[in-house]
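The following note sets out points for discussion on the structure shown below.

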Amino acid sequence: MINYVFDVDGTLTPSRGQMNQEFKDFFLDFAFQNEVYLVTGSDHFKTVEQVGAEVTERVNAVYNCSGNSVWSKGQEIIKSEWKMDDDVYDWLGQKLQASPFNCRTGNHIEERTGLVNFSVVGRNATMGERKMYVEYDNDTDERKNIADEFNEKFFPKKLVAQVAGETGLDIMEIGSDKGQIVKYIQEPIHFFGDKMQRGGNDYPLRIMLGKDSEWTEVSSWKNTFEILKKKVYN
C-alpha cells in the first residue's frame, strides 16, 4: 500500500492561504480511502487554520515544523526542544538590516518547534506586501543567496537554512528537516511538494526516498487536485 505524503503551502493550499472547499471535500474522502500524511514547516495552529481540523485529524499524522512537532488526531506526540544560539540570531538581524528590500512588517525571526523561520518582509505582511517580496526575490534570488551564505558560515554548528514557502527561510539542525519523517512512515511513499529542487525545504525528503517510492513536484494546489483526481477517477 502506498503512503501518500503532502506538503501544505503551495501544494494543498495557496501559500499562507486556506484550502479550497471543493478540494478539501475531495481530499477528506481521499484520506479516508488511503494512508495520508502531511509535512510542513508551519506549526500546528497555522496548519489547522489553513486546511481545517477535519483534515488534520483525518490524516494519519501531521509532521509540523518539518517533522520536529508530530501530531496525530489532534494530540502532539513528539516535540523537539532545540533552540537557536544568540550569535545566529545576531547574524540574521544583520542580514535583515542589509537587505535592499525596504518593506518591513514585523515578526522577521519566528521561533517554531525545532526550527526558526526567517523572513525579510516579515510574517505580518499583507498579501500585497508578500507579492512585492516574491517579485523582488524572483529577480534577486535573495533568499537563496542568504541560505547559501548561512550554510557555509554555520556548517560547523551543524545548522542548515532552506528556502521555504514564498517569503521565508527555515533554519534548523542538519537532519531535522523534512527528510527525518522517513523513519516514521513505511515505504513506498508518494510525496507531493512544490519546493523539490536543491535548496527547497521539500528537497531533503525527496532525496531520502527509496527506489520503491516516488515524488511529484507541483506548481500549485490546483495542480495537486488535478493529479489526484486522475488517480481516483482514471
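Contact here means heavy atoms within 4.5 Å. The structure is a predicted model, and the points below should be read accordingly.

1. Which residues does Ile171 touch, leaving aside its neighbours within four places in sequence? Ile171 is in contact with Trp82, Met84, Leu92, Leu115, Val116, Phe118, Phe150, Val160 and Ala161, once neighbours within four places in sequence are set aside.

2. Ile171 also belongs to the largest nonpolar core, which has 24 residues. Together with Met84, Leu92, Phe101, Phe118, Val120 and Phe150, Ile171 is among the residues that touch the most other members. Two or more residues of this core come from each of helix 4 (86-98), strand 7 (115-119), helix 5, helix 6, strand 8 and strand 9 (168-173). Helix 4 gives the largest share, 4 residues. Another core, of 23 residues, lies apart from this one and includes Phe23, Phe26, Phe27 and Val62.

3. The largest pocket holds about 610 Å³ of space. Of the 31 residues that line this pocket, those nearest its centre are Val163, Gln197, Arg198, Gly199 and Gly200. At least two lining residues are supplied by each of helix 5 (127-140), helix 6 (142-153), strand 8 (159-164) and helix 7 (203-208). The largest share, 6 residues, is that of helix 6. Sorted by class, the lining of the largest pocket comprises 12 charged, 11 nonpolar and 8 polar residues.

4. The volume of the second largest pocket is about 220 Å³. Its lining consists of 15 residues, and Gly10, Pro14, Ser15, Glu166 and Asp194 are nearest the centre. This lining is made up of 7 polar, 4 nonpolar and 4 charged residues.

5. How many cavities of 30 Å³ or more does a search of the whole structure find? The search finds 2. The largest cavity has a volume of about 190 Å³. It is lined by 22 residues, and Asp9, Ser42, Ala164, Gly165 and Asn201 are the closest to its centre. By class, the lining of the largest cavity has 12 charged, 9 polar and 1 nonpolar.

6. The second largest cavity contains about 40 Å³ of space. Its lining is formed by Trp82, Lys83, Met84, Tyr89, Glu111, Arg112, Leu115 and Val116. Of the lining residues, 5 are nonpolar and 3 are charged, with no polar residue present. Trp82, Met84, Leu115 and Val116, which line this cavity, are also among the contacts of Ile171.

7. The count of disulfides comes to 0. Are Cys65 and Cys103 buried or exposed? Cys65 has a relative accessibility of 1% and therefore counts as buried. Cys103, at 16%, likewise counts as buried, because the limit for that class is under 20% relative accessible area.

8. Glu214 lies in strand 11 (residues 214-217). With a relative accessibility of 38%, Glu214 counts as partly exposed. Setting aside neighbours within four places in sequence, Glu214 is in contact with Ile189, His190, Phe191 and Leu209. Glu214 and Thr56 are separated by 158 residues in sequence and by 23 Å in space, C-alpha to C-alpha.

9. Most residues other than glycine have a negative phi, and most peptide bonds are trans. The peptide bond from Glu187 to Pro188, however, is cis, with omega near 10 degrees. Pro188 is located in the loop between strand 9 and strand 10 (189-193).

10. Lys73 has a positive phi, near 55 degrees, and sits in the loop between strand 4 (69-72) and strand 5 (75-79). At 47% relative accessibility, Lys73 counts as partly exposed. Phi of Lys158 is likewise positive, near 60 degrees. Lys158 is in the loop between helix 6 and strand 8, and its relative accessible area of 58% makes it exposed, since that class begins over 50%.

Conventions
Residues are numbered from 1 along each chain as its sequence is written. This is a predicted model: local features need pLDDT of at least 70, side-chain atom pairs count only at pLDDT 80 or more; totals for chains, interfaces and linings use all residues. Side-chain values use heavy atoms; hydrogens and water are left out. On a 1 Å grid over the protein atoms alone, a cavity is a set of points where a 1.4 Å probe fits but cannot get out, and a pocket is an open set with protein on both sides within 12 Å along at least five of seven lines; lining residues have an atom within 4 Å of a point. Grid points are joined across faces, edges and corners, and a volume is the space filled by probe spheres set on the points. Ala, Val, Leu, Ile, Met, Phe, Trp, Tyr, Cys and Pro count as nonpolar, Asp, Glu, Lys and Arg as charged, and the others, Gly among them, as polar. A nonpolar core is a set of buried Ala, Val, Leu, Ile, Met, Phe, Trp, Tyr and Cys residues joined through side-chain atoms within 4.5 Å. Buried means under 20% relative accessible area, exposed over 50%, partly exposed in between (1.4 Å probe, protein chains only). A disulfide is a pair of cysteine sulfur atoms within 2.5 Å.
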